[in-house]
Amino acid sequence: MLNAEKEFMVDFFGLEPGEIEDISYTRQSDKRPVLRVILTNDHDPCPDCGCPHPRVKEYIPKKIKYADGTGRDCILLYHARRFKCPACHRTYYEPSPFVQKKGKIADKVVFDILKDLKDYNQTFASVGRKYCVSATTVSNIFDAHVEIPRKKLPSLLCIDEVYAMKTQGSKYVCLLLDFEKQTPVDLLPNRWLPSLLEYMSLIPEEERLGVKAVCFDMYPAYRKMVKACFPNAIGVVDRFHVMQEFTRRLTKVRIRVMNRTRARRERLKEEMKAVESDFPRERYRDDPCWQRISADWQKTSDQYYVLKHFHWLLSKDEDLDIFDPGREGQYNRHFQKYMTLLQLREILLGIDPELEEAVRLKRVLTHMYESGTYDKAGEQLFNETYVAFRNSSIKEMNGFSRTMKEWRDEIFNSFNTVTVEYMVNRRSEYTIKSVRLHNGIIENRNKMIKCMKHNSYGFTNWVRFRNRVMYVLTYGSVHDLRVPAVCRRILHALQAKIHA
């Protein structure tokens, strides 16, 4: 019969009371706890001849490292029986529930380490500190137990690159994502067209023919790859990347207007100084010319201040709650009065006609995406939007019209509805929402990849980096404690040869 303390230790290791013959607790000179364990003799038969009555030859003490995940570790001193078969004289150990063959770290610690590595905020070093092992040990455990192969190509595929690590001369890695399952298909070391074509050529043609749509940004290599490798698929440039391109051009317009405003403010300042030099002391304040120049300088200064600190209002839709006329304003130290965001936005749009026209074109582009459909009406709406940008008096907007013309098919394909979502409220009422193909999900996964890179101060091992990304981003991915990754690689290769 075990006492309460020993029963706690048995439960702590997940054993049964009948499996323990003896268990004791001591401390080393460095005050590290030591648990001495002897298992019940189950008379395991000989693995060669099957003799059911082996003899105990000796007890071999094995030191097993154990940690509870709080930064404290202990030594599990397991006295393993070594049997000798009386028939064939074979010697062998009894099965160990604590550790794998020739292992030094408890299986539970290995399992907890791999479980913690599912969190993209954790690094090999942080997990090592938690379980009192080195970062090298954690990386070796990860390499030995995690090997995630490529997934099957989905019908809706998303492609995007992310700045993660320098591999094969490229600073970008290419992520393939299943839009419906929201899980990665594979991670490629670069986004170059020859590499993409070579990778896709290794995938069976039947699998590639099942892809119906591919979503990507406006990188020409992706479009060429889709046309060459996916004959049944359409290319889609989602709304996010088109609006991102428009925002870049809007920023150029805003900076040009801002530079003109600053130059005008400096010129007015020089004119004020010239007028002040013609009057003694402060009598220039009564001069009508100085008053006019001063008023223009103050107005220009207000415009420059709004352009510098509130330019983000240009990218906001005017139907948002922040532009509600009844919304209470906040005190502004520059204007020395309470002002609402609506008032600041009106000042922005009144600075220069180019800004007002650019914001008007933004509303036209937004309307195209909100009202566009995958039919003749949507095609006509796209053409009207293209004409509006082409006829603009702003050179940046003319350049955007050329972008729309170049990527016309891919932008129009983004109007296509690929699936539906059922939205349920608290009253159990549901609504059906049409969903278009987009890269919003893959952009979120890119952020997780960047967090892994930043937290780890970069990766140098491409295979380890790929497995870590696939391991973190794949929901339900598990690791096998009994089958090392190198064995699984051999099994995958044999399966591939059999299917070939």
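Predicted model: local features only at pLDDT ≥ 70, side-chain atom pairs only at ≥ 80, totals over all residues.

Student: Which element does Glu161 lie in?

Tutor: Glu161 lies in strand 6, residues 156-167.

Student: Buried or exposed?

Tutor: Glu161 is buried, with a relative accessible area of 15%. The cut-off for buried is under 20%.

Student: What polar contact does the side chain of Glu161 make with Arg191?

Tutor: The side chains of Glu161 and Arg191 make a polar contact of 3.3 Å. There is also one with Tyr222: the side chain of Glu161 makes a polar contact with the Tyr222 side chain at 2.7 Å.

Student: Next, Asn190. Where does Asn190 lie?

Tutor: In the loop between strand 8 (183-188) and helix 5 (193-201). Asn190 is buried, at a relative accessible area of 1%.

Student: Which backbone nitrogen lies 3.1 Å from a polar atom of the Asn190 side chain?

Tutor: That of Trp192.

Student: Switching to Tyr78. Where is Tyr78 found?

Tutor: Tyr78 is in strand 4, residues 73-84. With 1% relative accessibility, Tyr78 counts as buried.

Student: What does Tyr78 touch, not counting residues up to four places away in sequence?

Tutor: On that basis, Tyr78 touches Val37, Leu39, Ile60, Pro61, Lys62, Ile64, Glu94, Pro95, Ser96 and Phe98. With Glu94 there is a side-chain polar contact of 2.9 Å.

Student: And the C-alpha atoms of Tyr78 and Ile38, what separates them?

Tutor: 6.3 Å, with the two residues 40 apart along the chain. For another pair, take Ser456 and Phe124. They are 332 residues apart along the chain, and their C-alpha atoms are separated by 7.8 Å.

Student: Where is Ser456 found?

Tutor: In the loop between helix 15 (440-455) and helix 16 (462-473). Ser456 counts as partly exposed, at 21% relative accessibility.

Student: OK, helices. At what angle do helix 8 and helix 13 pack?

Tutor: About 165°, and their axes are 9 Å apart. Helix 8 covers residues 239-276, and helix 13 covers 395-406. That angle makes helix 8 roughly antiparallel to helix 13, because the cut-off is over 145 degrees.

Student: Is the crossing left-handed or right-handed?

Tutor: Helix 8 passes helix 13 in a right-handed crossing.

Student: Which residues make the contact?

Tutor: From helix 8, Val242, Glu245, Phe246, Arg249, Leu250, Lys252, Val253 and Arg256. From helix 13, Lys395, Glu396, Met397, Gly399, Phe400 and Thr403. By class, this contact of helix 8 with helix 13 has 6 nonpolar, 2 polar and 6 charged residues.

Student: How do helix 11 and helix 12 pack, at what angle?

Tutor: Helix 11 (residues 353-371) and helix 12 (residues 376-390) pack at about 170°, with axes 10 Å apart. They are therefore roughly antiparallel to each other.

Student: Which residues meet there?

Tutor: Helix 11 brings Leu361, Val364, Leu365, His367, Met368 and Ser371. Helix 12 brings Leu381, Phe382, Thr385, Ala388 and Phe389.

Definitions and conventions. Residues numbered from 1 in each chain as written. Heavy atoms only, no water. Axes fitted to C-alpha atoms, helices over the stretch in contact; angles between N-to-C directions. Helix = DSSP H or I, 4+ residues; strand = E, 2+ residues; numbered from the N terminus. Parallel < 35°, antiparallel > 145°, perpendicular 65-115°, else oblique. Left-handed = near helix turned anticlockwise from the far one by under 90°. Contact = heavy atoms within 4.5 Å. Nonpolar A, V, L, I, M, F, W, Y, C, P; charged D, E, K, R; others polar. Buried < 20%, exposed > 50% of the residue type's maximum accessible area, 1.4 Å probe, protein only. Polar contact = N/O pair within 3.5 Å; in protein donor to acceptor, adjacent residues only side chain to side chain.
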